[in-house]
Amino acid sequence: MIEYWNPQIERLPSVELRELQEEKLKKIVQYVYSHSSFYRKRFDQAGVKPEDIKSLNDVRKLPFTYKQDLRDTYPTGMFCVPNERLVRFHVSSGTTGKPTVVGYTKNDINEWTKSLARALTSIGLGRGDVLQVSYGYGLFTGGLGLHYGAEEIGSTVLPTSAGNTERQMELMDDLGTTAIACTPSYFLFLNEAAKKEGIDFQKDTNLRVGILGAEPWSEEMRKRIEESTGIKAYDVFGTSELSGPLFTECVYQEGIHIWADQFLVEVIDSDTGEPVPDGERGELVITTLSKEALPLIRYKVGDTTILNSEPCQCGRTHPRIMRILGRVDDMLVVRGINVFPGQVESVLMKIPEVGEHFMIIVDRVNEMDTMTVQIEMTDAAFSDRVNDMISLEKKVASSLKSILNLSVNVELVEHGSLPRSIGKSKKVIDKRVL
Ligand SMILES: [Zn+2]
């Protein structure tokens, strides 16, 4: 039995959904043009007026916006409302540059909550569930975003925030956590810690759902997690500029539903700016259709993905984007070849002897790029025989070569020696840029 939070809108026939988008697109373009000097200037430079947007396809006439625009107008230069209408600020960490500030009106918070209420319902959560939110709370959007969505659908929230693993496990047990939200790396860390304590998530806890995201992870990693812990692991997507976590997969796990009445999604060819057909990889571009404080028009999220506009088996008509394997920024260029850490993860997780933790080290030796992948073996695969180790290294190197088309050094390291993370994990060390 499929549950919906808002069946009428979630199952709206595609034609009507597009009509609704068109109407909302025209409105938001008019709105940003009249409320934000940033957008007015940007549109004027591009020679486009709100009246030029007559149909959904006309979205292509509009200029893109970028993360850099948010940085250039720091803190609130792109906002469409005066500060006294805001009920909240979130601020990015600024680890990769100047931080970005996002403001929310009361209505923006409601829309965010609505998006997650639909998403959490679509993975089978509701009244009676206990959602342990192990994403950080505070300026970071992860914690509070899921928190409001879960409360909205009547689930009980356990706001543990990130860290303090012992207490996380104790509370999970004492309060009957049925779902947990955290990064996939942290979930792996928790699982490892639980095993050490002799706790089996499947047998000894009520945990059945993981809402994992805030860093890219592969389908193969999902299989690993589901098989080793017995939970269903769902991908969650969002980005702080749009408002943190917003969307998840549904129970069919065939792409992440983007609520089309709130967001217009495009997948484009980065070189030409033209849309790519459904099923082809391209760059993700999102326009917010309901936001008041900081609407984003054709925002280049920085992710590559694949669009699927076909209605889903779950009955929802809203388009889906396929799992995101990595940000455009995460792409490494090694000896002229593009490598996404997610590709490496996909290859490694298919090899049963390889554990879940790995590290990619890129360097330049004698003017030549080198790439080394450090891997831990699973306990079960551990062997004292040097020959076994060497043959495993060879096996991994050859699997990586066949997918990446690149020769890679593989190093087996001791179990537990690679860093564990309570938040977003670091999987790449690029010594060329240090
Ligand atoms: Zn679905």
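1. Asp69 is buried, with a relative accessible area of 6%, where buried means under 20% relative accessible area, exposed means over 50%, and partly exposed lies in between (1.4 Å probe, protein chains only). The model is a predicted one, in which local features need pLDDT of at least 70 and side-chain atom pairs count only at pLDDT 80 or more, while totals for chains, interfaces and linings use all residues. Residues are numbered from 1 along each chain as its sequence is written, and side-chain values use heavy atoms, with hydrogens and water left out.

2. The side chain of Asp69 meets that of Arg42 in a salt bridge, at 2.7 Å from N to O; a salt bridge here is a side-chain nitrogen of Lys or Arg within 4 Å of a carboxyl oxygen of Asp or Glu. This pair links distant parts of the chain, since Arg42 belongs to helix α3 (residues 37-46) and Asp69 to helix α4 (residues 67-72), 27 residues apart. Helices (H or I, at least four residues) and strands (E, at least two) are DSSP runs, numbered from the N terminus. Arg42 counts as buried because its relative accessibility is 19%.

3. Glu192 forms a salt bridge with Arg420, and their closest N and O atoms are 2.8 Å apart. Arg420, at 21% relative accessibility, counts as partly exposed.

4. Glu345 forms a salt bridge with Lys427, with the closest N and O atoms 3.4 Å apart. Glu345 is in helix α11, whereas Lys427 is in the loop between β18 and β19, 82 residues away, and both Glu345 and Lys427 are buried.

5. The buried residues of helix α10 (residues 219-229) are Glu220, Met221, Arg222, Arg224, Ile225, Glu226 and Thr229. They pack against several elements, among them α8 (184-196), β7 (232-238) and α11 (341-349), where contact means heavy atoms within 4.5 Å. After α10 comes Gly230, whose phi is positive, near 80°.

6. On the surface, Glu166, Glu170, Asp173, Asp174, Glu197 and Asp204 gather in a patch of negative charge. A patch is made of residues with over 30% relative accessible area and no salt bridge, like charges being joined within 9 Å and nonpolar side chains (Val, Leu, Ile, Met, Phe, Trp, Tyr) within 5 Å. Helix α7 (residues 165-174) supplies the largest share, four residues, and Asp173, which lies in α7, counts as partly exposed at 48% relative accessibility.

Technical notes
Accessible areas come from the Shrake-Rupley method with a 1.4 Å probe; for residues, only the protein chains shown count as cover. Lys and Arg count as positive and Asp and Glu as negative; His and the chain ends are not counted. The place of a charge is taken as NZ of Lys, CZ of Arg, CG of Asp or CD of Glu.
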